[in-house]
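These are my notebook entries on a structure I went through by element and by residue. The sequence and structure come first, and my entries follow.

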Amino acid sequence: MKKITINHVGETIYYEKLDNGMDVYLCSKEDYHNNYVTLTSKFGSVYHTFIPYGEKKEYHLPNGVAHFLEHKLFAQKEGPQPSEFFAMSGAIDNAFTTFKNTSYLFNGPNNLKENILFLLKYVQEPYFTKENVESEKGIIVQEIHMCDDQPEDRLAEAIRKTTLHNNPFRESIIGTAKEVNSVTKDMLYKCYNTFYHPSNMFLVVTGNFDIDDIMEAIKDDQRNKKFRDSGKIVLKEFKEPDKVCKKEEIINMDTEIPKVAYNIKIPIDKLGLSKREIQIYLNILFNVLFDDTSIAHEELVKDKIITSPIAVETLNCDTHFVVSLYNETKEYEKLISKIKDVLKNIKISDKDIERKKRVIKSNELFAYENIEFINDIIIDNVVYEGEIEDNMIGIIDSVNKEKMDEIIDKIDFTNASLVVVKKK
Amino acid sequence: MNCEQINMGAYNLHLIKTKKFRSIMVDVNFRRKITEEEVTYRNLLKMVLLNSSYDYPNERELTMATEDLYDLKLISSLTRYGNFINSSFKIRFLNEKYTEKGMNSESVKLLMDVIFHPNVKDNKFDEDVVNLCKKRLHKAIKSVKDNKIKYAQNQLLKTIKDRPYSYATLGEIDILKDVNASNLYEFYKTMINNDLIDIFVVGDIDEKEIKDIFKEYVNARTYKKIDTDIIAKELVPNKKINMLNESVEANQTQLVMLCSLNDLTLKERQYVAMVYAEMLGGSSSSILFNKVREENSYCYYINSYVKPYDNIMLIYSGIEGNSKDDVIKLIKDILNDIEKGKFIDDNLNNAKETIISSITSGLDYQNSIISTYYAKELVGSKDAKERIEEFKKITKEDVVAFSKKVKIHTIYTLEGGDTDEEDND
């Protein structure tokens, strides 16, 4: 078992790679009561074109299959269904699908060992039938309708559609009703067999428990299960142009106040820094320029163009970052022209940078108070970087004005799309 | 973890000392009997107070000050507990052991400053700040409709007159129009002077230091306060269910059912009601989830929650418009079955275990620790251990007896289905 100590934060994460290839991360905190457990497959919506395990030809999925698979893994051939099993000890179960991963989880203070083993069991024993695949379609269509009725969700979809060309982050995670209706049992098995091998999965346990005891139970369980060889995952490669795909998109739907996002597309390979470093620099830069501590905010409020602060969101799409500046206002044209002006003549001081560094560092400490957030941090690290970063605070500390100026020079701030959601 | 309660004259101080957290939370609560007008005032007031203070006269300076205090979180919220409306102003900040000496008192002083030393001149708040916050609140009220799930519940509750839960949670635009920098300041003074005040501190704190800060800053002077009964007046059960609907431009239809609860005993209010609602529609192991979603694929979400101090329960789901009648019938059948005792022991036991787990895991969060101790103050509820024992004792007979007091009062549908099926490819 490897011991990873998170510098400055003082938490320890224990790590081991099992014989079948699965990675296990454990973090225990004294005095806590609850436990939070996630089992993640590194399969999300972006892996839509690949060579299925045991086959030779490339296969293309409609949108929404990773998410559909997530729903259907809950189906059990016999015995209690997952929700029933977990509820017996008062644990709550759930699952979520994102771009690069699908995670199955539960949280609860009791019965930890048995619950972990059950989580492994149900995820490792798929049971897809023609009937249970069909009956899920109505449920997912309702989920799609729920998302389509939310202006923020429509905006987020359009942000990716306008900025990206070929990058699979462009596509919807949940898919459309038509796509979901085309999903078959065979499709789900192809995905499962290719992406749910233990060597493409990892388990994260955070809470309050005996590290050795839990690690031993997991190893024991996995040692006694038979898996085929891991196989190599072959994905279709893509080339993503640096320019945005579409300059502007207006979506009409029933919403009282227009929602607007200005989205800057930034290539990763030209900045000469790691993705993590870039993310911190971009976070600091755009917040200094636009959040409620910025001069721009003060002026926009004074000129009655916005009432609430601009929100800054960063999406890491592997090849590019998309930074979105979001607000709700009828005066969105004036807002965009102000944003463009600010970006033409960027001013950022040492003092601003130091203040934001303090903010980011503090939030690292806040996060480690919460076992769910610790679990999230580990998932994010493993999915996006393949390992745990033990010196996040050190990276934040190394941020400096000189490097910031270099990055600002390299970014084309006019390479952006505008998305508006408003009433017809 | 134990809680020391200190009567400070004009307010109660609750000190919860624990080394478990790296951060410290301080939560100052003001409450009194709700009126419709006041909901709007309080919503606006919390925005105005959090926007700036006397020492930090604009939003930018105040936010920068919180960032300098190691990103201190400054949060305000408005909650209703039965007949009470409650304004909470709180901070969460890193214990100075992890930052630098003196930060604990600096942080608490900032909160005191925000609440008791606002940006006021000539007996009124700053006009620009009030106008900006009025616009923000106006926008927030208008945007409620963006969230159809919430909007549908609000629309239904609005139809019930003369109950604390019928007032829109963000307030009313008509009332907001008449609020200005002077009358809001008058309202502020009544809140500081007339409300019941409870202050909670959770964390590894120096008791004397924090008490001294409160003594210096808490500027509440009135010692005679009017308490009120927290329990809202019951609804008269409807002989015939009231059916209401409204149309919107949306894909989904929102179904909301309001149930009246009558003649609850103390035990039912504090324990059985929660078990019933959890068993019915609390989570993915609930009866509604299994029957309506898993067995019949009618919906993605279906939930129920109970408001024991309002004497009501709500059931809500997002469905296809044309399955409305079938879903309503199915839910009615489910409620009837429970009344007849037609449910398995697992349903009941799972619900009890889920509630017990959430009480236990609540001890990991400062917010729920405060809620637990506040509930003690508000309704005399017991501590975590005793509550767990009480929940364990709930029987099937208890649930069946309670279920006979649940009557569907109104069924509301927010009907969608007008938009074309979107296909983005």
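I take helices (H or I, at least four residues) and strands (E, at least two) as DSSP runs, numbered from the N terminus. The model is predicted, so I require pLDDT of at least 70 for local features and 80 or more for side-chain atom pairs, while totals for chains, interfaces and linings use all residues. Residues are numbered from 1 along each chain as its sequence is written, and chains are lettered from A and ligands numbered from 1 in the order in which they are written.

Entry on backbone angles. I looked up A:Asp318, which is not a glycine and has a positive phi of about 75°. I found A:Asp318 in the loop between strand 13 (311-316) and strand 14 (320-328) of chain A. I then looked up B:Tyr70, where phi is positive and near 55°; B:Tyr70 sits in the loop between helix 2 (59-68) and strand 4 (73-81) of chain B. Most residues other than glycine have a negative phi.

Entry on burial. I count other C-beta atoms, placed from the backbone, within 10 Å of a residue's own: 20 or more is buried, 12 or fewer exposed, in between partly exposed. A:Asp318 has 16 and is partly exposed, whereas B:Tyr70 has 24 and is buried.

Entry on helix 1 of chain B. I noted that helix 1 (residues 36-51) of chain B has 16 residues and reaches 24 Å from its first C-alpha to its last. The buried residues of helix 1 of chain B include B:Tyr41, B:Leu45 and B:Leu49.

Terms used: Expected span 1.5 Å × (residues − 1).
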